[in-house]
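This briefing goes through one protein chain by topic. Please look over the sequence and the structure before reading the points below.

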Amino acid sequence: MAASFAPSRTESCWRQWARLHRPVPRRRRRRSCRCCSVEPSSCMTHACETQPCSENMGRPRCRGASSCAHDECSRQPLHRCERQSVHLYAFRGEGVRWANLAGRDRRVQWPNAPDFKNDALWAFGSPAASSLYVWSVGTHPMCLQYADTLIELAASGFWVLCPAISHDFSIAEWVLKSVVAVDWALAKGKFSKIMLGGHSGGGPVALSSGYILSQRKVAEVSGFVLQHPGAVSFVNVPGCASHTNNAENKAYCDQFFPANMLGSLKGPILITCGTFCQVTKAENSNFFNSFSCSKADSSGACQSQSGAVTCKEGYCANEPWLENPSDCMTDTVCEDVFDTFVHPKPPFSPALGGGTLYKHCGEHEFSVMGPYGWQQEGVPAVQPFLQTIATGDQGKMAVMKSRGGVEETCWMQKSPEDSSLELASMQEATMKYMSQNQRSHWINATSKVQVSVA
């Protein structure tokens with residue numbers, strides 16, 4: 001059974017809420033479907049309206065009475081969208097600085113504080129939820145870029161918190177903001193389970209936050225979700241102090257990533273990872289110019305020079321990455337990150353709760369952010385994993401395991417540094433690729449999903 005999840009420019013839950021609740025009602029506009037990869041009735045989840053037919057590999061135009069007017073809310077009662085509570089707090093004190101996405105159009109009205117965006121703590125759902133999930137963003141993304149997944153998780157019984165980090169953040173800020181968020185949340189509600197998650201560099205940060213919470217006896221974390229984690233040997237892996245001569249990095253490693261940290265983590269770990277560029281080619285990476293070459297050693301000589309890339313003087317072809325560009329990012333090879341964060345080699349301690357590896361064709365960011373990220377990894381992997389921990393129902397985990405061997409097609413848009421995933425504005429969770437004017441080329445990769453538990 002094949003699965004194909006191509007991005008759509010459909011509206012997210014709260015965007016439709018905004019459109020349907022404007023002061024002056026507007027007639028819903030139905031858009032005809034130009035290109036569908038499957039039956040017209042389900043074209044909204046595929047490549048419809050994201051690219052011209054000529055770029056859709058010859059797939060036929062939709063036939064019959066169908067449209068792509070469906071959106072995220074069409075798959076659920078609209079009242080579910082209306083009750084999605086989104087609040088914004090500040091880390092300065094515990095008072096609410098601003099709440100409930102003010103205004104009938106639900107656009108963010110930022111307070112007049114120049115650094116508020118750096119201090120923001122996003123809260124999705126209600127503190128009356130039975131479980132808490134705290135999310136750590138990647139190196140530069142913002143919480144709103146993950147809003148589709150975080151809102152859906154809130155709707156399934158979690159109070160979801162996402163602390164923003166400043167542009168020039170430190171490892172300490174990255175880790176401790178999640179620690180502070182958990183401590184703050186425990187004063188607001190009673191949670192049977194506490195779980196942490198993160199994307200890219202935020203994945204290892206989630207583990208570190210769990211370690212700090214345990215050491216400070218604030219809370220025991222019941223599970224971790226690492227989506228496309230990056231394992232950088234001198235920054236964020238257990239025992240990284242032994243891999244750096246930089247005094248600042250060494251101090252952070254000793255405090256936040258000690259060699260024995262995994263041995264104190266009792267909760268199981270889910271690692272999702274991608275192989276988009278591995279199953280296609282390194283040149284497909286939107287970061288190819290950044291990663292294809294690396295600085296030469298002290299001798300200045302290159303052991304070999306790949307014919308696929310020409311590097312400037314003082315740089316050599318980054319052969320390890322060119323041979324296995326994984327999800328189009330560096331330091332993200334599936335088996336390497338799983339071994340690093342779940343079963344490291346002695347003398348490092350393994351994670352007490354074990355782990356699950358969900359390996360598929362996703363790209364580093366497209367398979368995590370926006371509505372497409374919810375389709376690609378939220379529905380098949382993240383939600384079942386978290387719900388298994390929250391409810392104890394192993395049947396939900398079985399659903400994820402059953403995807404092993406399923407052939408899946410993943411999509412990404414060619415845009416430098418994944419720039420089409422940037423927010424169209426700072427006021428709403430809308431990616432640039434959702435714009436009607438976005439005409440960048442979409443490419444895809446196909447492989448079988450692999451699910452392994454250790």
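Two strands count as paired if DSSP finds at least two bridges between them. The model is a predicted one. The protein chain has 13 helices and 14 strands.

**The chain as a whole**

- Of the 454 residues in the protein chain, 57% are buried.
- The protein chain exposes about 19300 Å², and carbon and sulfur atoms supply 50% of that area.
- Among contacts in the protein chain with a separation of 6 or more, 75% are between residues 24 or more positions apart.

- Strand 8 spans residues 269-274 and is mostly covered, with 6 of its 6 residues buried.
- In a regular strand the side chains alternate between the two faces of the sheet.
- In strand 8, Ile269, Ile271 and Cys273 point one way, while Leu270, Thr272 and Gly274 point the other way.
- The residues on both sides of strand 8 are all buried.
- Strand 7 (residues 223-227) pairs with strand 8 in the parallel sense, over 4 bridges.
- Phe224 has Ile269 of strand 8 as its bridge partner.
- Between strand 7 and strand 8 the chain passes through helix 7 (residues 247-256), and this β-α-β crossover is right-handed.

**Aromatic pairs**

- A pair of aromatic rings is described by the distance of the centres and the angle of the planes.
- A search of the whole structure finds 13 aromatic pairs.
- In one of them, the ring centres of Phe291 and Trp321 are 5.8 Å apart and the planes are at 70 degrees, so the pair is edge-to-face.
- Phe291 lies in helix 9 (residues 288-291) and Trp321 in helix 10 (residues 319-323), so this pair ties together parts that are 30 residues apart in sequence.
- Phe291 and Trp321 are both buried.
- Another pair, Phe366 and Tyr433, is tilted, with 6.2 Å from centre to centre and 45 degrees between the planes.
- This second pair links distant parts of the chain, 67 residues apart.
- Phe366 is in the loop between strand 11 and helix 12 (370-391), and Tyr433 is in the loop between strand 12 (407-413) and strand 13 (442-448).
- Phe366 counts as buried because its relative accessibility is 1%, and Tyr433 counts as buried because its relative accessibility is 1%.
- One aromatic cluster is formed by Phe287, Phe288, Phe291 and Trp321.

**Nonpolar cores**

- The largest nonpolar core has 104 residues, and Phe124 and Leu161 have the most contacts inside it.
- Helix 5 (residues 171-186) gives the largest share of this core, 9 residues.
- Leaving aside residues up to four places away in sequence, Leu161 touches several residues, including Leu121, Trp122, Ala123, Tyr133, Trp135 and Trp184.
- A second, separate core has 11 residues, among them Phe287, Phe291, Trp321 and Leu322.
- Phe287, Phe291 and Trp321 of this second core also belong to the aromatic cluster.

Definitions and conventions:
Residues numbered from 1 in each chain as written. Predicted model: local features only at pLDDT ≥ 70, side-chain atom pairs only at ≥ 80, totals over all residues. Heavy atoms only, no water. Buried < 20%, exposed > 50% of the residue type's maximum accessible area, 1.4 Å probe, protein only. Helix = DSSP H or I, 4+ residues; strand = E, 2+ residues; numbered from the N terminus. Right-handed = clockwise from strand over helix to strand, strands pointing away. Contact = heavy atoms within 4.5 Å. Areas by Shrake-Rupley, 256 points an atom, 1.4 Å probe, with all protein chains shown as cover. Phe/Tyr/Trp six-rings, centres within 6.5 Å; stacked < 30°, edge-to-face > 60°. Core = buried A, V, L, I, M, F, W, Y, C linked by side-chain atoms within 4.5 Å.
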